[in-house]
Amino acid sequence: MSISISFSNLRQFSACAEQWRRSVQHGEPRPPNSALPVGSVVHTVRDRFIRRCVIEGQDFTDEERLDYLHDQIRSQITHREIHFTDEERQDIPGTLRRLAEQAAKLHHKDYTAFYGTLYSAKSVERTIRVEVEGWPYKWSGRIDSEHVSEQGHEEVKDLKTGKGDPETTEVLSLQLTMYQHLKALIGEPTDILSIDWITKHAEPRAFRLKSPARTEEEIEPLIRRAEYFCDMVEHERYPPADPTSWRCSPNWCGYWEDCPYSTRSRRPKT
Ligand code: SF4
């Protein structure tokens, strides 16, 4: 598996490097009982579709929307570890259609939260992968969207959905820092970083948070993390998660059953 310096790799490595080693570096499949339930696919596809509609300012007829969601769900199910119930497995076409309809309903409810604030993007879900002298792995990431404001400012945006209203500090996220840094590596400056946030309430609410681009000093923590990641991988050091963390539990980690570091194996024998 090719390793890259991406936000998701840095995040997973710092949460549990052992989990990263097994899932990303070795591509070790997780046991079937830890596969993702189909509901998580519906939410992922819905989020991607909101991106297209909200960020690109593009709209679809009901039929086009269902076709698009259906294709996206089929492709997600092919590429991810999905756990079907016996009933779902008996009628795969019917299951896909039902999932697409669920995603369409969710989409409609959440999309309306952003009506009136649509504006077009110059790119959506753009992947940057760049080799940089002195680094053992490529830097990589996929930027949700890029825009140019009326004042000519270059803006990079992340779109998120959350259970509650966002903290204002969300806009300081390392993910946005990574977006800015990736663009800088290919010679493209950024002026503004922003997050469009939709809450998952029965009546979704929309927020837009903005910040000026990071200073060099503010990018430094990202560089330090990337150096740590590369150094640890090179020396094959994979510190496990804090065993009391919520991540290190059978509900959140597919390797928990046979992981030598999980709390279960450390319980005193009675
Ligand atoms: S069980 Fe805990 S220590 Fe083991 S891989 Fe999962 S999160 Fe990491």
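Which residue just after H2 takes a positive phi of about 55 degrees? That's Gly 27. Before going on, a word on what we're looking at: this is a predicted model, where local features need pLDDT of at least 70, side-chain atom pairs count only at pLDDT 80 or more, and totals for chains, interfaces and linings use all residues. Residues are numbered from 1 along each chain as its sequence is written.

Okay, the overview. The protein chain has nine helices and eight strands; helices (H or I, at least four residues) and strands (E, at least two) are DSSP runs, numbered from the N terminus. Of its 270 residues, 26% count as buried. Buried here means 20 or more other C-beta atoms within 10 Å of the residue's own, with C-beta atoms placed from the backbone; 12 or fewer is exposed, and in between is partly exposed. If you take contacts between residues at least 6 apart in sequence, 71% of them join residues at least 24 apart. A contact is two C-beta atoms, placed from the backbone, within 7 Å.

Back to H2, then, residues 17–25. Its buried residues are Gln 19, Trp 20, Arg 21 and Arg 22, and H1 is included in what covers them. The axes of H1 and H2 come within 5 Å and cross at roughly 130 degrees. These axes are lines fitted to C-alpha atoms, for helices over the stretch in contact, and the angles run from 0 to 180 degrees between N-to-C directions. On the H1 side you've got Asn 9, Gln 12 and Phe 13, and on the H2 side Ala 17, Gln 19, Trp 20 and Val 24. Those split into four nonpolar, three polar and no charged. For the record, Ala, Val, Leu, Ile, Met, Phe, Trp, Tyr, Cys and Pro count as nonpolar, Asp, Glu, Lys and Arg as charged, and the others, Gly among them, as polar.

Now H8, residues 216–234. It has 19 residues and reaches 26 Å from first C-alpha to last, close to the 27 Å expected, where the expected span is 1.5 Å times one less than the number of residues. Ala 226, Phe 229 and Val 233 are buried in H8, and its buried residues pack against strand E1 (4–5) and helix H1 (7–15). After the helix comes Glu 236, with a positive phi near 55 degrees.

What about the core? The largest nonpolar core has 13 residues, and Cys 16, Phe 229, Cys 248, Cys 253, Tyr 255 and Trp 256 touch the most other members. H8 gives the most to this core, three residues. By nonpolar core I mean a set of buried Ala, Val, Leu, Ile, Met, Phe, Trp, Tyr and Cys residues joined through C-beta atoms within 7 Å. Phe 229 touches Ile 5, Asn 9, Leu 10 and Phe 13, leaving out residues up to four places away in sequence.

H8 also meets H7, residues 174–185: their axes come within 10 Å and cross at roughly 100 degrees, so the two are roughly perpendicular. Leu 174, Thr 177, Met 178 and His 181 in H7 meet Glu 218, Ile 219 and Leu 222 in H8.

Last stop, Ile 143 in strand E5. Why is Ile 143 called buried? Because 23 other C-beta atoms lie within 10 Å.

Note on methods
Angles under 35 degrees count as roughly parallel, over 145 as roughly antiparallel, 65 to 115 as roughly perpendicular and the rest as oblique.
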